[in-house]
Amino acid sequence: MKLNFEHHQTAHCENGVASNLLLNKGLKLSEPMIFGIGSGLFFVYLPFLKVNFAPGFSYRPMPGAIFSKAAKRLGIKIKREKFSNPKEAQSALERNLNQNIPTGLQVGVFNLTYFPEEYKFHFNAHNLVVYGKEDGKFLISDPVMDYTTTLTEAELEKVRYAKGALPPKGHMYYPTYIPEHVNIEEAIRKGIKDTCKNMLAPVPLIGVKAMRWVAKSIPKWAEKKGTKVTNHYLGQLIRMQEEIGTGGGGFRFIYGAFLQEAAVILKNDELKELSKEITAIGDLWRDFAVDIARVYKNRNSKSDIYNNLSKSMLHIADLEEAFYKKLRKAI
């Protein structure tokens, strides 16, 4: 069986799956629009939580949150299911396919056979769509790939039941109701307000305050833990920024595209200018990542590099704080 499903490549898996599933049901929303309405911009620092022997950093909300928030704000209903038994998970998936329902899955990245080796690491919050089954293989639309692919029953079961942090547990999801008319303007406003609230939160664990906490910690790590541990922490920081969910520069570019679309829909030229501003901030995040990569690979000859990295991140945090305050006022 092969369902009528259009595959579109996107920058981020969760936005892409959401956009592709909704398009299949007749609602055309771009990846940036899903991302913006779903308040995808985020930052959290959890120094007490260790991930790969480094503090917990994330430039994105919890997996599934973007699509869930976007759906709620658009009046769309999503059904989510998890299964303790892999055979039940496969039966439920095949039931959906028999009912002509392309289905989103949360999977682990490490054992995806079609992923290039350099992209394989233990991350269990990747998203893809299954849109059919032919010759014993499931047909896969993975939005970060520019082509559709396949996984055998055993291969799909392995990634659906990956072990470690955030185990998928056979998680599958799909839209069950889409209103005839969606209030896109109100959904955009709610998404922007929520993003500003999160990023300007008064607590030090999230938003720009968390960025400042990380920035000020960099020289302290170097002083107390030494070069090797500090470089490992920094490596984890940019991996979370640029590889896992494109959360740093990449998410700023997506948000800039969202604000461009929002400016037209809401007839608000101020959003168009703010789109340019967040895109420029995205460029600074990318430069920051390159500087860290040089340090990590011992290719940086600058003196006082950890203080310089700290200053760079503090500067970005200042720019972001000013940006969200302007955005909140504009909306």
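User: Where is Lys169 placed?

Analyst: Lys169 is in the loop between helix H5 (153-160) and strand E8 (172-177); helices (H or I, at least four residues) and strands (E, at least two) are DSSP runs, numbered from the N terminus. This is a predicted model, where local features need pLDDT of at least 70, side-chain atom pairs count only at pLDDT 80 or more, and totals for chains, interfaces and linings use all residues. Residues are numbered from 1 along each chain as its sequence is written, and side-chain values use heavy atoms, with hydrogens and water left out.

User: What makes the phi of Lys169 worth a remark?

Analyst: Most residues other than glycine have a negative phi. Lys169 is not a glycine, yet its phi is positive, about 55°. Asn100, also not a glycine, has a positive phi of about 65°, and Asn100 sits in the loop between helix H4 (86-98) and strand E4 (103-107).

User: Why is the pair Glu321 and Arg212 called a salt bridge?

Analyst: The rule asks for a side-chain nitrogen of Lys or Arg within 4 Å of a carboxyl oxygen of Asp or Glu. For Glu321 and Arg212 the N to O distance is 2.7 Å, so the pair qualifies. Because Glu321 belongs to helix H10 (residues 305-330) and Arg212 to helix H7 (residues 207-243), the pair ties together parts 109 residues apart in sequence. By this rule the count is 16 salt bridges.

User: How many salt bridges are there between domain 1 and domain 2?

Analyst: The count there is 0. The bounds, domain 1 (13-38 + 77-177) and domain 2 (184-330), come from an automatic or database domain assignment. One residue pair, both at pLDDT 80 or more, is in polar contact between the domains: a pair of N or O atoms within 3.5 Å, where within protein one must be able to donate a hydrogen and the other to accept it, and residues adjacent in sequence count only if both atoms are side-chain atoms.

User: How do you know that domain 1 and domain 2 touch?

Analyst: Contact means heavy atoms within 4.5 Å, and the contact takes 11 residues from domain 1 and 16 residues from domain 2. The buried area (accessible area, 1.4 Å probe, that two parts lose on being put together, summed over both) is about 1200 Å², with 79% from carbon and sulfur atoms. In domain 1, Met33, Phe35 and Phe121 lose the most area to domain 2, together 45% of what that side buries. Helix H2 (residues 31-37) gives the most to this side of domain 1, with 6 residues.
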